[in-house]
Amino acid sequence: MKKNILAENMRRFKTKNLNEIGNFHDPRMSSGNFDHLTPNPKWDINVNYVQIDTNFHDVTMQKQGTLDSHFLEEVLGDLEAYLEDQNITGDDGHPSYDITRFVSDIKLDCEIKMGKDEIDLTIELDPDGSIKYVDIGDEPLAEKYGITDESVMKHLEAKGI
C-alpha cells in the first residue's frame with residue numbers, strides 16, 4: 001500500500017493545512033538553483049604542484065590531483081615525511097644538525113579547466129591545512145564562467161577543506 005506522506009504529516013502535526021505549521025519558504029529555493037547547497041559539479045580544482053619554504057631552502061613538490069580533503073591530507077603527510085627525512089637524529093634520538101622546519105605557508109598552484117580554458121589560481125594554506133586565501137590569476141576568464149574567490153571558497157568548503 002502506497003503511503004500518502006502529505007496526509008501523514010498533516011495527521012502528525014494535527015493540522016488541515018501545512019502552512020499552519022510555519023513558513024517553510026526559503027527564498028534560495030525559489031529560483032530552482034540549488035548550486036549553493038552542493039559543490040559545483042561543473043568544475044574541479046586541479047593541483048599542479050605544492051610549494052613551501054624551509055629554513056634552509058625552498059621546496060617544490062610535483063603533486064598533482066583533484067583538490068579535496070583526501071588529497072590535502074596526503075599533501076600534509078608528504079610534507080611531514082619530508083621534514084622527518086631532512087632531520088637526521090643521532091643515537092640519542094636528538095637531531096644531529098639544525099632542525100629543518102617550515103618557515104612559510106603552503107602554496108598550491110592550481111587550475112580550473114573549463115572546456116579549452118584554464119583558470120589559474122593559487123591557494124595558500126597555513127601549516128595545519130586551513131585556507132588563508134585564494135588568488136585567481138585569470139579574473140576576467142573566471143568571471144566569464146561565474147567563478148569568484150567566494151565560489152572557490154564555497155567549493156573547497158563543500159569538499160571538506
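## Model and burial

Buried means under 20% relative accessible area, exposed over 50%, and partly exposed in between, with a 1.4 Å probe and protein chains only. Of the 161 residues of the protein chain, 25% count as buried. This is a predicted model: local features need pLDDT of at least 70 and side-chain atom pairs count only at pLDDT 80 or more, while totals for chains, interfaces and linings use all residues. Residues are numbered from 1 along each chain as its sequence is written, and side-chain values use heavy atoms, leaving out hydrogens and water.

The protein chain exposes about 11100 Å² (Shrake-Rupley method, 1.4 Å probe; for residues, only the protein chains shown count as cover). Carbon and sulfur atoms supply 48% of that area.

## Fold

The protein chain has five helices and six strands. These are DSSP runs numbered from the N terminus: helices are H or I with at least four residues, strands E with at least two. Along the sequence the pattern reads α-α-β-β-β-α-β-β-β-α-α.

Contact means heavy atoms within 4.5 Å. Among contacts between residues at least 6 apart in sequence, 44% join residues at least 24 apart.

## Salt bridges

A salt bridge is a side-chain nitrogen of Lys or Arg within 4 Å of a carboxyl oxygen of Asp or Glu. The count comes to seven. One of them joins Asp105 and Lys132 at 2.7 Å, N to O. Asp105 lies in the loop between α3 (69-86) and β4 (106-114) and Lys132 in strand β6, so the pair ties together parts 27 residues apart in sequence. Asp105 is buried at 17% relative accessible area. Lys132 is partly exposed at 49%.

Lys113 pairs with Glu111, with the closest N and O atoms 3.7 Å apart. Glu111 is buried at 10%; Lys113 is partly exposed at 44%. In helix α5 (residues 149-158), Glu150 and Lys154 sit four residues apart, about one turn of the helix. Their closest N and O atoms are 3.3 Å apart. Salt bridges that share partners also join Lys63, Glu74 and Asp78 into one network.

## Around strand β6

Asp135 lies in strand β6 (residues 131-136). Asp135 is partly exposed, at 39%. Leaving aside neighbours within four places in sequence, Asp138 contacts Glu118, Ile119 and Asp120. The C-alpha atoms of Asp138 and Ile119 are separated by 5.7 Å, although the two are 19 residues apart along the chain.
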